[in-house]
Amino acid sequence: MRVRLVGIYGAALVIGTWVAAPLLLIALAAFTPRNILYEWPRPLWPRAFSLDTMLFFLRSTGVWASTLNSVVVAGLTIGLAFLIAAPTGYALARYRFRGKGAVQLSILVVKMFPATVLSIPLAVAFIRWGLYDTLIGVAIVHTALSIPFVTVIVTSVFVGISYELEEAAMTLGSNRLRAFLRVTLPMAVPGLAAAAIFTFVLSWNEVFAATILTLDHRTLPALIVDSVISAGAPLHFRFAGGFFMVMPAVVIIFLIRRYLLTLWGVTVR
Amino acid sequence: MAEIALINLRKTYGHVLAIKDLSLQIQDGEFLVLLGPSGCGKTTTLRAIAGLEMLDRGRIVIGGRDVTQLPPGKRGIAMVFQSYAVFPHMSVYDNIVFGLRMRGMPADEQRRRAQEAAELLEIASLLDRYPAQLSGGQRQRVAVARAMVIRPDVLLMDEPLSNLDALLRLHMRAELKRLHRELRATTVYVTHDQVEALSLGDRIAVLKDGEIVQCDSPGRIYDTPANRFVGGFIGNPPMNFLSGELRTADSALAVIVAGVAVPLAPDHPTSSTGASREVSAPGGTGLAGSLRPGPGRLSAGTVMLGIRPEYIEVVMSSVPDGIPAEVVVLEPAGPNQLLTARVGREAVKVTVATDLVLLPAQRVWLRMSPSRIRLMDATTGRALV
Ligand SMILES: Nc1ncnc2c1ncn2[C@@H]1O[C@H](COP(=O)(O)OP(=O)(O)OP(=O)(O)O)[C@@H](O)[C@H]1O
Ligand SMILES: [Mg+2]
């Protein structure tokens with residue numbers, strides 16, 4: 001028993017360090033004065049902190065424009081993904097229908113296609129359809145990436161809300177739609193919000209499709225990758241950019257962590 | 001207020017037959033109990049009446065109106081679910097007036113009706129609370145109040161008491177009975193608890209495998225079960241069954257059990273007067289024809305003798321009509337004791353007075369009250385007339 005406990009805590013420590021250490025190092029570097037950053041040997045804990053690096057990053061050309069682009073793409077992605085995945089999730093949770101297993105399987109199958117393989121045909125197709133270098137084009141790809149995930153969450157949210165409540169509303173005189181709007185939807189809102197936020201994070205962090213499918217209308221990750229690779233941006237710029245990128249996700253996950261865990265059947269205090 | 005007619009209902013889930021050709025006539029203002037073991041189709045039947053289940057076949061008529069194709073909200077019904085299904089995100093008040101809101105009733109009328117219902121069910125002090133802050137019994141009352149305020153023609157209840165503890169169940173049972181007396185809505189009540197069924201029902205429909213086996217008043221269900229299943233399902237402990245040999249010779253009917261001739265009373269329900277009374281009973285419709293093998297001509301042969309535990313007398317010495325038995329156990333059961341005895345290889349339960357002292361393996365003689373004996377066909381289990 002004790003051995004097991006030690007094993008579990010040991011594994012948690014290793015995984016936690018593996019995830020947290022880079023975050024910590026990036027955060028430290030982002031707030032380290034430039035001259036200290038280039039010192040050798042560099043102290044693990046910097047002697048001084050400054051906002052210079054962050055301010056330099058935030059004042060660079062294109063950063064705010066691509067941040068806005070990222071937000072717009074994420075918003076569009078949430079909208080599109082819910083338009084498709086929410087009804088699917090509801091149907092999967094509530095009804096038995098022909099082909100239900102196939103739908104569930106195909107949701108997972110989408111996850112099996114490596115995006116790299118699809119990138120060139122996708123770019124060609126998007127150029128042909130006039131979607132290349134548009135925000136909606138990126139949002140469509142992000143939607144495709146997030147649908148499996150949103151469907152799974154939405155299904156579990158609706159499974160968790162007893163259908164009997166909707167039936168009770170129907171026996172009390174409401175039709176199907178009203179029963180859904182008055183009873184199920186209000187109860188599903190927190191879960192749906194969690195799914196939306198997660199979709200936001202997914203789109204905000206997605207870099208591959210965004211890089212390939214845009215040229216002038218870069219999203220933030222695409223811009224950073226671009227400037228790092230082609231322009232050979234200085235080290236401090238990369239750290240500041242990385243920190244700026246990762247913060248929304250960290251904050252959001254921190255805020256909804258409890259809810260995400262309960263979604264998958266684990267409760268934490 | 002409305003009478004209900006269920007006509008040849010049939011419902012399957014894939015290969016599972018949930019209801020098999022069920023027909024039932026329920027009178028206006030009647031309290032009808034659907035009783036049966038788990039999985040016999042009670043909930044399915046109730047949900048079919050509510051319109052929550054699509055039927056394969058059959059028609060449902062409520063108050064002279066064919067509602068088979070109507071959605072639940074247009075059938076003039078209200079339902080109390082087994083899980084209560086109170087809306088967790090609404091206060092008790094909002095729960096109660098939900099149905100009234102859906103009907104677009106003016107706010108002051110909503111308030112008046114909710115107040116009235118809350119007082120009747122003694123939850124007036126809880127109107128601002130949320131369901132999570134209520135006990136099971138209080139939640140159940142909210143569910144009943146919510147169904148009641150819309151003044152339905154038909155009130156449907158699915159095991160509303162099954163989630164309550166024994167004491168509260170007793171209390172709520174009496175409350176439901178009182179409520180029905182005051183409202184007089186036609187009520188269909190599902191339960192698998194025979195005590196609940198016997199105490200609440202004007203009539204009880206006993207279901208088995210998606211079919212009504214017997215539908216009768218509680219007294220008749222108890223005293224004259226239509227077959228072995230009903231006798232064995234109702235009563236605590238249920239009816240005893242002993243195999244015997246029917247002897248019709250020398251004019252006096254008797255059953256030979258374990259070598260002893262048990263006489264049958266001249267006014268035994270198997271006589272012709274009993275039979276005609278039974279067939280003319282309102283509840284007898286639908287099953288009288290199928291279950292009773294015509295005008296009873298009892299013929300000699302193997303039969304099943306059914307007798308309830310309280311109609312057996314234990315005597316300590318051999319008597320002519322006493323069946324010899326051996327004591328297995330004696331269990332105290334509150335106001336009386338429950339004796340398990342063995343006749344041959346068959347077990348018999350007898351309720352006896354608390355002051356009776358018996359030892360295991362002791363020999364006793366059991367005398368059956370002749371007028372209480374019910375004869376069943378040995379193979380089909382049907383009651384013989
Ligand atoms: N949604 C369903 N899908 C498949 N089979 C079902 C479904 N609902 C009920 N059944 C089956 O139909 C039969 C009748 O079920 P029903 O719920 O009416 O039983 P019940 O009499 O209410 O039992 P209980 O006392 O346990 O509630 C059962 O055999 C059950 O397994
Ligand atoms: Mg049931």
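Buried denotes under 20% relative accessible area, exposed over 50%, and partly exposed the range in between (1.4 Å probe, protein chains only). The model is predicted, with local features requiring pLDDT of at least 70 and side-chain atom pairs pLDDT 80 or more, while totals for chains, interfaces and linings use all residues. Residues are numbered from 1 along each chain as its sequence is written, chains are lettered from A and ligands numbered from 1 in the order in which they are written, and side-chain values use heavy atoms, without hydrogens and water.

**View 1. Phe57(A) and Phe244(A) form a tilted ring pair.** Rings of Phe, Tyr and Trp (its six-membered ring) pair if their centres lie within 6.5 Å; planes under 30 degrees apart are stacked, over 60 edge-to-face, and the rest tilted. The structure holds 15 aromatic pairs over all chains. In this one, the centres are 5.6 Å apart and the planes stand at 55 degrees. Phe57(A) is buried at 0% relative accessibility, and Phe244(A) is buried at 18%.

View 2. Tyr90(A) is buried, its relative accessible area being 13%.

**View 3. Two charged ends sit over rings in chain B.** The criterion is NZ of Lys or CZ of Arg within 6 Å of the ring centre and within 35 degrees of the ring normal. Arg146(B) places its charged end 4.7 Å from the ring centre of Phe87(B). For Lys208(B) over Phe229(B), the distance is 5.2 Å.
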